[in-house]
Amino acid sequence: MRASSEIALQQAALAIEHLDVRFGKGDEMVHAVRDVSFAVDRGESFGLVGESGSGKSTVLRAIAGLATDWTGRIAVEGQNLGPKRTAAFYETVQMVFQDPYGSLHPRHTVDRTLGEPGRIHGVADLDTRIVDLLRDVGLGPEFRFRYPHQLSGGQRQRVAIARALMLEPKILLLDEPTSALDVSVQAEILNLLQRLKREHGLTYVLVSHDLAVIAHMCDRLAVMNAGRVVEEMTVDQLRRSEPSHRYTQQLLKASLGYDRAAVDALETFD
Ligand SMILES: Nc1ncnc2c1ncn2[C@@H]1O[C@H](COP(=O)(O)OP(=O)(O)OP(=O)(O)O)[C@@H](O)[C@H]1O
């Protein structure tokens with residue numbers, strides 16, 4: 001596994017260099033992300049971990065074009081991104097949010113939720129594609145005309161994942177995709193994401209405050225504190241409890257969810 005510094009930036013699925021992100025102006029200004037750099041290889045799962053407010057989601061939001069006051073470089077498959085996101089961007093990069101309740105329109109059926117991006121981007125044979133995508137995320141065709149309030153939390157997140165896959169993206173930005181779900185549903189969704197990654201050759205950037213989730217899902221991770229990356233490491237190093245930065249050691253100790261036996265047990269789920 002290559003460290004960010006060894007990944008040729010033109011070859012990287014995603015390269016972030018010296019990213020700074022701010023919100024607001026003057027006295028109210030929040031400097032949420034400071035000089036963040038990392039690169040993600042094609043097909044890799046990269047985790048961003050850190051306490052609440054450390055800037056993890058803001059990094060994803062800058063990539064997705066949802067936080068617009070940023071400087072530095074963001075490149076997707078060797079192409080630098082400007083301030084606006086194009087149709088080609090959404091055909092390459094999609095985002096899945098934490099809250100499946102908030103991220104689906106309450107008055108749109110599953111059919112409409114999945115169909116809308118497909119129609120906008122001219123996806124062929126949309127009816128078949130919708131049914132295939134639902135099957136891909138473990139939902140039968142009977143779910144097609146349901147509204148969000150007729151779905152469980154896990155089913156809603158499956159719909160949100162299916163919507164993200166509609167345009168056959170190469171990169172998924174996953175912002176705490178399971179933290180609104182209870183533990184058993186969380187394991188189901190994480191295992192679904194693992195399977196989809198294998199089957200579709202996806203690249204993931206996964207934000208989580210939970211080291212157990214990162215250890216289960218990722219190849220490498222960056223630890224964020226107060227807007228900065230304090231350490232980048234492989235998950236193998238994390239598992240061997242080898243963080244070199246004091247903050248990461250603390251995070252590891254303090255992370256109530258982190259229990260090596262539990263992480264190993266998670267891996268036996270199918
Ligand atoms: N729209 C916004 N306007 C002003 N400040 C913001 C905005 N979004 C985020 N921030 C601030 O930026 C900082 C980083 O927030 P961010 O959501 O990226 O952290 P996080 O690590 O993802 O936290 P959490 O795990 O709680 O989601 C925080 O201080 C937050 O208050």
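Tutor: Let's start with a turn: β4 and β5 make a hairpin with two residues between them, and Glu-77 in that turn has a positive phi of about 50°. This is a predicted model, in which local features need pLDDT of at least 70 and side-chain atom pairs count only at pLDDT 80 or more, while totals for chains, interfaces and linings use all residues. Residue numbers start from 1 along each chain as its sequence is written.

Student: What makes β4 and β5 a pair?

Tutor: Two strands pair if DSSP finds at least two bridges between them. β4 and β5 (residues 79-80) have two bridges, in the antiparallel sense, so they pair by that rule. Within this pairing, Ala-75 stands opposite Asn-80 in β5. Strands themselves are DSSP runs of E with at least two residues, and helices are runs of H or I with at least four, numbered from the N terminus.

Student: How do you know that β1 and β4 pair?

Tutor: Six bridges join β1 (residues 14-23) to β4 (residues 70-76), and the two run antiparallel. One example is Glu-17, whose bridge partner in β4 is Arg-73.

Student: Which strands form the open sheet, and in what order?

Tutor: The order is β6-β7-β8-β3-β9-β10, with mixed pairing. β6 (93-96) and β10 (228-234) each have a single partner strand, so one side of each lacks a neighbour in the sheet. From one strand to the next, the twist averages 20°. Inside the sheet, β3 (residues 45-50) and β8 (residues 203-208) pair in the parallel sense over five bridges, and Gly-47 has Leu-206 as its bridge partner in β8.

Student: Which strands does α1 lie across?

Tutor: Helix α1 (residues 56-64) lies across β3, β6, β7 (171-175), β8 and β9 (220-225), running at about 145° to β7. Helix α6 (residues 153-165) lies across β6 and β7, at about 170° to β6. Such angles run from 0 to 180 degrees between N-to-C directions, with axes fitted to C-alpha atoms, for helices over the stretch in contact; contact means C-beta atoms, placed from the backbone, within 7 Å.

Student: How do you know that the chain agrees with a compact globule?

Tutor: The globule rule is 2.2 Å times the number of residues to the power 0.38, and the radius of gyration is taken over C-alpha atoms. For 270 residues the rule gives a value near 18 Å, and the protein chain has 18 Å, so the two agree. The chain holds eleven helices and ten strands.

Student: Which residues come nearest to the ligand?

Tutor: Of the 13 residues around the ligand, Phe-23, Ala-32, Ser-52, Ser-57 and Thr-58 come nearest; a residue counts as near if its C-beta atom, placed from the backbone, lies within 6 Å. α1 gives the most to this shell, with three residues.

Methods
Two residues are in contact if their C-beta atoms, placed from the backbone, lie within 7 Å.
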